[in-house]
Amino acid sequence: MMKLIRIGTILCGLGFASLANVVGQTADMKRAKISNSDSLVHVAYGTVNKNDLSGTVSVLNPTEYLDKHFGNYPLEGVDAFIGGSNLWNIGSSLVLVDGVPRAITDVTASEIDQISYIKGANAVVLYGSRAANGVILITTKRGKEGQLIKNVRVNGGVNMPKSYPKYLGSAEYMTYYNQACKNDGLAALYDDATISNYASHANLYRYPDLDYYSSDFLRSMSNTYSANTEFSGGTERARFYTLVGIQNQNSLLNFGEGKNENNMRFNVRGNVDLKLNDFISTYLNVSTVFYDSRTALGNYWSQAATLQPNRFSPFIPISLIIPGATQSLYYVKTSHNIIDGQYLLGGTQQYLTNPIADVYAAGHQNYTSRQFQFTDGVDVDLKNTLKGLSAHAQMSVDFSNIYNTVVNKTYAAYVPEWVNGTPSDSIKSLNNYTTKDTNPGVQNITNTWNDQIIDFNAHIDYVNTFDQKHNVSAMLVGAGTIRRQTGDFQNRTNSNLGLQLGYNYDHKYYADFSGALINSTKLSSANRVAFSPTLGLGWVISEEDFLKGSDMLNRLKLSASAGVINTDLDFGVNDYFLYNSKYSSTDYFSWSDGTYVNRATASARWGNKNLTFAKRKELNFSLEGSLFNRALDLRSTAFFIKKDGIPVQPITQYPVYFTQGYPSSSFVPYINYGANSYKGFDFQFNYSKKVGSVNLSVGGAGTYVATEVLKRDEFYVDKYRNRVGKPVDALFGLQSEGLFADQSDIDNHPVQKFGVVKPGDIKYKDQNGDGVIDEKDEVMIGRWGSPFTCGLNLTTEWKNFTLFVLGTGSFGGTAVKNNDYYWISGNKKYSEVVRDSWTEETKATAKYPRLTTLSGDNNFRYSDFWTYSTDRVNLSKVQLTYTLPKRVLGNSVLKKVNIYVSGNDLLTIAKNRDVLELNVGSAPQTRFYNLGVKAEF
């Protein structure tokens, strides 16, 4: 990985340096040199010519690659196309669909015209505080003047699970649990005869060995289907675009209500443009998304990861009940849940319900989501007032409604009593510790949730050219958003006033000033308004005489920008009154021997009216170029960002009596104190060449981000514990030194303060040499995120065939094996990892600590014993497309037909692939194989 980083750094230093923001985020739609709308790129509140684009804006046009790289998810594989697709890892980005805050899942790739990744401060500032972490601007398709265009796309595919958790069978589980008892100095829980009965599988109903991931319960694959149709066209006066799409996927569960599980998404989009006269035009966008899913009650995947295989049999064969068991046979006669005509539902007195019985008989749940999105806008050309002057306004209203419809049933689970004599495989009676089977037929509405967004913006633009070389632009914009969700006590608001001033000389030298006056109700009235200034400069070196006309270098542009964005994003979504003192009722207290009871009032914080915005301070440099007759396109940015003034409660800076533990209380105010830095570079390239009759295209992209904590409220005696100087996403824990071999090894080692320590437990390093190992010995053991992400895409075209291959990679990240699959203690379910556990016989080769029936506090805590590298390279996509020859289509209504097969997530190359591809407690990761057809009419 470091080699790749060094290579990237060298390239950056040689010239790939930084794609900053140059000119213009103007709302200019009619620049002098624009002759084709395809050269326009959507930026904040408008479009610019691609050649005039800010260096910190990267662009994807799905219409250019969707036929060779189809997927419904809009951002599939973007790491291989766009440098900085993670928006430099500075926080959650703002997603805008047609300029309105919306979710990426609100749209599908088929309805998208363009995706702009707006990264630099100068490029995002017009959006105000909410855009301080970058913007993903998605613009949907619009109709074009001309003949009606129609196309239909149909897909069908299968999802193949990559892997399932591997848990021990009953007999092996009992054997290892006995080992845990022995390690704790306890008698074995299971005798040899019992283990033998479970191992024999002679009677799985009496001695169950339940595998929740077997083909008895799961399909080998699930199915996904999708279809959409698009219509577009119009005249000079009216144009339209319409998409209707549907997707459906079933479940891997293959029994009971699981067979009916499915997820269905239906969406309709309509975009209309109207030219009312020579000066006024308007547009209307309407989108609806209906999402419905049906699932069995109970959480099958979660319980499958927790219930031991020997606890119960989910089925009781009716045929094994002895004829004289009158009461038991009555249960059979009156049961509403006879499975396959042969079985009653089984359990134990401890487990009166179970995930398998739930899927059969507990009922089902329908999840319903309805979204309506409406946008209306008007554009007015004011050229009769002043040449180049125009006005624009847009208003949107979005509404989402989500709820669950639940049909609850109750069922009886029976506990069999087996005949101990002959025949031993007979059931002499059934016990019922639960209620009877019931089906009230009542639907209950639960988990209702509403979300409403009202968004408005208006801007006045001025764009003009003087003496054919002096290009000027200006924009004054006002924008505001009001959002309210279920449970909100007040609206979530955002508003700002923006100004952009741009100039370029003959599209060679660029200067851009953009700023925003930001208002936030999260701050006191004295501090809720601030101004964010930014400046961008650019120089197209290839237009200079000493490079102009070069055979090798077709275009070379350098740019740089700097700025400060004030933001309230670091205050939290609902933290609107951090500047005020906060009091609340807390724990109960009593007096007079409990005769009287009351509650105390606690302080959560003291007020600070001087609390202000956090600030994103940025400097970046960019380079873009085209070489070898435009066969090779390059683009890169180097960035230096400091987030300063992050609000925190600085506990260490106040006397200890300002806080107390019980009742929990604090008089420490929030202040602007925290600071982080983000430094790195991104790059992207594309090379195209024709070799004989084959067209080749290779593209790649990558991003490296080094983060550092600059200021943190902390006071550690041991400097190695400081978070300052470490990555923002640093992972802290103990440093392991293997496993204790014996008691002598424990006695000669510093005392570990995490509970009882025995041979086979994890040994930790005493970092400060105080002879005691506790939280003070925690050091940095990794970082959660991957500092370097990258991707590569390859397109090969030969005759009517197109082969597309996409790969992605991430390097430098660390994760922790901290779920119950790895941290096994008490009576938790045993996974395959325990086979490497420590015993006296295996202590020389053991890779896992000793098993215990207790809590295992010493072993199961963050340490490098449990960390693993998340470095990986993925073969993310392969698609082969065949375009039917025109001679085959003849004079039919079909203009073009593509037939394609594809595979997603086909291969992961990683040292820890088995861990990376494993889901525990949820549905498995899958590989997707698809067959599709697209027809144009």
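Start by selecting helix H4 (residues 170-183) together with helix H5 (residues 192-200) in this predicted model. Their axes come within 7 Å and cross at roughly 155°. An angle over 145 degrees counts as roughly antiparallel, and H4 and H5 are therefore roughly antiparallel to each other. Now show the side chains where they touch: on H4, pick Ser170, Ala171, Met174, Thr175 and Asn178, and on H5, pick Thr194, Ile195, Tyr198 and Ala199.

Next stop: helix H7, residues 326-334. Which residues of H7 are buried? Select Ser328, Tyr331 and Val332 to see them. Turn the view until you look down the axis of H7; the buried residues fall within an arc of 100°, so they line one face of the helix. On the other side of H7 you will find Thr326 and Lys333, which are exposed.

Finish with two loop residues. Select His507, in the loop between strand E21 (492-505) and strand E22 (509-519). Its phi is near 55°, a positive value in a residue other than glycine. Is His507 buried or exposed? With a relative accessibility of 10%, His507 counts as buried.

Then move to Asn629, which sits in the loop between strand E27 (614-627) and strand E28 (632-648). Asn629 is not a glycine, yet its phi is positive, at about 60°. Here the relative accessibility is 66%, so Asn629 counts as exposed.

Terms used: Residues are numbered from 1 along each chain as its sequence is written. This is a predicted model: local features need pLDDT of at least 70, side-chain atom pairs count only at pLDDT 80 or more; totals for chains, interfaces and linings use all residues. Side-chain values use heavy atoms; hydrogens and water are left out. Axes are lines fitted to C-alpha atoms, for helices over the stretch in contact, and angles run from 0 to 180 degrees between N-to-C directions. Helices (H or I, at least four residues) and strands (E, at least two) are DSSP runs, numbered from the N terminus. Angles under 35 degrees count as roughly parallel, over 145 as roughly antiparallel, 65 to 115 as roughly perpendicular and the rest as oblique. Contact means heavy atoms within 4.5 Å. Buried means under 20% relative accessible area, exposed over 50%, partly exposed in between (1.4 Å probe, protein chains only). The arc is that of the directions from the helix axis to the C-beta atoms.
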